[in-house]
Amino acid sequence: MTASELWRHSDPEGTQMWKFLQHVNSKYGLSLAGYPDLYKWSVDNVADFWGDVWHFAGIKASKPFDQVLSPDAPMFPRPDFFEGARLNFAENLLFPANADVDENAVAVITATEDDNALTETTWAELRDQVRRCSNALRAAGVKENSVVAGFVANHVQALVALLSASTLGAIWTGISPDNGVSAVLDRLVQIRPQVLFSDNATVYNGKEWSGKAKTLEIVEVLKQHGLETVVIIKGLPHFETGLDEYRNLGVKAEEYDAFLSSSPADEPLVFSQLPPSHPLYVLYSSGTTGLPKAIVHTAAGTLLQHKKELYLHCSVSPASRMLYFTTTSWMMHHWSVSALSCGSSLVLYSGSPFKPRGFLSLPILLSKLKVTHFGTSAAYLTTLEANNIIPTDPSHNLDLSPLEAIYSTASPLPPSTFSFVYKAFPSKINLASITGGTDIISLFGAPCPLLPVKTGEIQCAGLGMAIAVMDSSSPSAAPELITQEGEEGDLVCLKPFPCQPLTFFGPDGQEKYRSAYFERFGSNIWHHGDFVKIPDAKTGGLVMLGRSDGVLKPAGVRFGSAEIYNVLTRHFAGEVEEAVCVGRRRERDRDETVCLFVVMSEGRQFGPETKKKIAEAVRRELSARHVPGVIEEAGGGVPKTGNGKKIEVAVKQILSGMQVKTNASVANPEALEWFKEWARREEGRERLPN
């Protein structure tokens, strides 16, 4: 069935994407006619393509590169892109190349649920705050390759800390304050931050929450792993900072404003000039086995990929204003702040998307602040659809005419929601369902101003990203690409790209890296872990079908089964013998449901009280969004391979109504039969009339 067309750009030849296509034609004597031609050229000529993006989009470097990429470079080990260049990530965001920025114009607006408490920061003020913060960090002993962490909400102070760390060549990692202590420590203990920025309090869903108790617990542990300095941001002035309590733990502690004020007024802003592969960010995998893996992303790879996507695919410019509804933990935070490199202003929002004015809260903010590019999750848009919220209804008196694009990610956007968005928002917008992930800190599937938007489809594969669909059942030794249009399989990438991770942080980082992406189909095929299909190879549109591994993504919140298992181990070791935790998303489901099945220890009984205690522990240790929607007893046990490994994917496929595909021999096939029967019973129960 052909997907219906919902949108085309009104002036495609006025976009930067079209201008880039013409640049390529002129430089190489080609006659590329449209995006499909440009995409094919970009993946057939990897080095030429990325070199042209570097110059066309504008990367500021103190020393040019000697070569883009070595001929015949492998995907693993990760090749070194732009060898010989020297640059700084923060400099490219604060002083963007190819963008005319007025230093007195607004660069950042910080917004919360209190819509009367907007804070504007100009480009000049942002640069000065980074000058002061980076110099204060330098005085605190931070240098190249130091780790600076933020347990912070999405506000300008978090952005300043991020940019200040990268100014010095330090590594930044951000974790949202809605995470529990265990979730934070599982991540930060691995990477041993030298400095921690933390909020004294936050607002969410109309309530104020002190962060002091959690931060004290975190600092007490991190002090044993190299933490030296804590900087407390007074997000809510009437909450105490607790500086003396932190100092009593043996660390230096300062309030954010005082920390910045410690920098001498005449000390300049100095950007460390670093190799392209210098580490910039640490983000975290979903931890399907053991602790979350700390993924190290590079400065130039992140910068160039983000600028390619924002400047070419999204048409972001100094006239743009971007609001991405995200926490600091999510890669979309890192992606969206890179809009500064195009001269765009940012709206950094922290709080519930439904406060203080219900379902219209964010649309009101979009109207008030004249946002041009709005990013959110598929779950948010489906919620608007389910409640028939139409922001363009004249009765709401909202001006959404500046809006040019809406980006949806974190989970597949249902076809009906595509159509709904074009009814609920201005019909001129480029609605883009996008996909990529923490692993690449960017996109595989992207927007495109030269292609139509079709119901249920991601518009295209991003330039330079040589993606394909692999037969999921083909063996590792002889992987087979799917050539039939519309046939589903595993998303893979076949050629190197600059935003490949540098490594995984810590001991055995390279081996963990190889195992994560290059074990399934070999060292030259990136295995991403998504089920996809490509309905039309000519246009390159993608349809996402969910995850092919054990990653859980309820409402777009990405985490791993191991995080749930860790809570069970800590608090229910004497009650729960083992467990399997998977995501269920059937064809009719709007979202994924986390399903936890436990096997009780001998002499222990499973009942409502068990469910309640497990849910409370997960909420306390991780967050409310981690709590499984289904907690049941696994009557047939946990299915395992002959070597004792849980077969999560098979359980997930059974619960989601898919055919089971596993190459491993099942040691206890009766366990899988039990899950099939449970799924049939659950299906029958849900279909009974009310």
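**Group meeting: a walk through one chain**

Strand β21, residues 442–446, pairs with β23 in the antiparallel sense, over two bridges. In that pairing, A446 stands opposite C460 in β23. Keep in mind that this is a predicted model.

What is the order of the strands in this open sheet? It has three strands, and they run β20-β21-β23, with antiparallel pairing. The edges are β20, residues 435–437, and β23, residues 460–461. Each edge strand has a single partner, so one side of each is left without a neighbour in the sheet. As a reminder, strands of a sheet pair through backbone hydrogen bonds, either parallel or antiparallel.

Now step back to the whole chain. There are 20 helices and 33 strands. Along its principal axes, the C-alpha trace spans about 70 × 70 × 60 Å.

How much of the chain is buried? Buried residues make up 60% of the 690. The chain exposes about 26400 Å². Carbon and sulfur atoms supply 49% of that area.

Next, contacts. Take those in the chain between residues at least 6 apart in sequence. Of these, 72% join residues at least 24 apart.

And charges. The chain has 65 positive and 77 negative charges. Their mean positions are 2 Å apart.

Back to strands, and to β14, residues 294–298. Is β14 mostly covered or mostly open? Mostly covered: five of its five residues are buried. In a regular strand the side chains alternate between the two faces of the sheet. Look at β14 with that in mind. A294, V296 and T298 point one way. I295 and H297 point the other way. Both sets are buried.

Which strands pair with β14? One is β13, residues 279–284, antiparallel over five bridges. There, Y281 stands opposite H297 in β14. Another is β26, residues 503–504, also antiparallel, over two bridges. In that pairing, V296 stands opposite T503 in β26.

Now a hairpin. β4 and β5 form it, with six residues between them. Strand β4 covers residues 106–112, and strand β5 covers residues 119–122. Four bridges join them, and they run antiparallel. I109, for one, stands opposite E120 in β5.

Last stop, a helix. V130 is found in α5, residues 123–139. Why does V130 count as buried? The cut-off is under 20% relative accessible area. V130 has 0% relative accessibility, so V130 counts as buried.

Which residues does V130 touch, leaving out those up to four places away in sequence? They are L94, V160, L163, S164, T167 and L269. V130 and L162 are 32 residues apart in sequence. In space they are 9.0 Å apart, C-alpha to C-alpha.

To recap, here are three places to look. The open sheet runs β20-β21-β23. Strand β14 has five of its five residues buried. And V130 sits in helix α5, at 0% relative accessibility.

Notes. Residues are numbered from 1 along each chain as its sequence is written. This is a predicted model: local features need pLDDT of at least 70, side-chain atom pairs count only at pLDDT 80 or more; totals for chains, interfaces and linings use all residues. Side-chain values use heavy atoms; hydrogens and water are left out. Buried means under 20% relative accessible area, exposed over 50%, partly exposed in between (1.4 Å probe, protein chains only). Contact means heavy atoms within 4.5 Å. Accessible areas come from the Shrake-Rupley method with a 1.4 Å probe; for residues, only the protein chains shown count as cover. Lys and Arg count as positive and Asp and Glu as negative; His and the chain ends are not counted. The place of a charge is taken as NZ of Lys, CZ of Arg, CG of Asp or CD of Glu. Two strands pair if DSSP finds at least two bridges between them.
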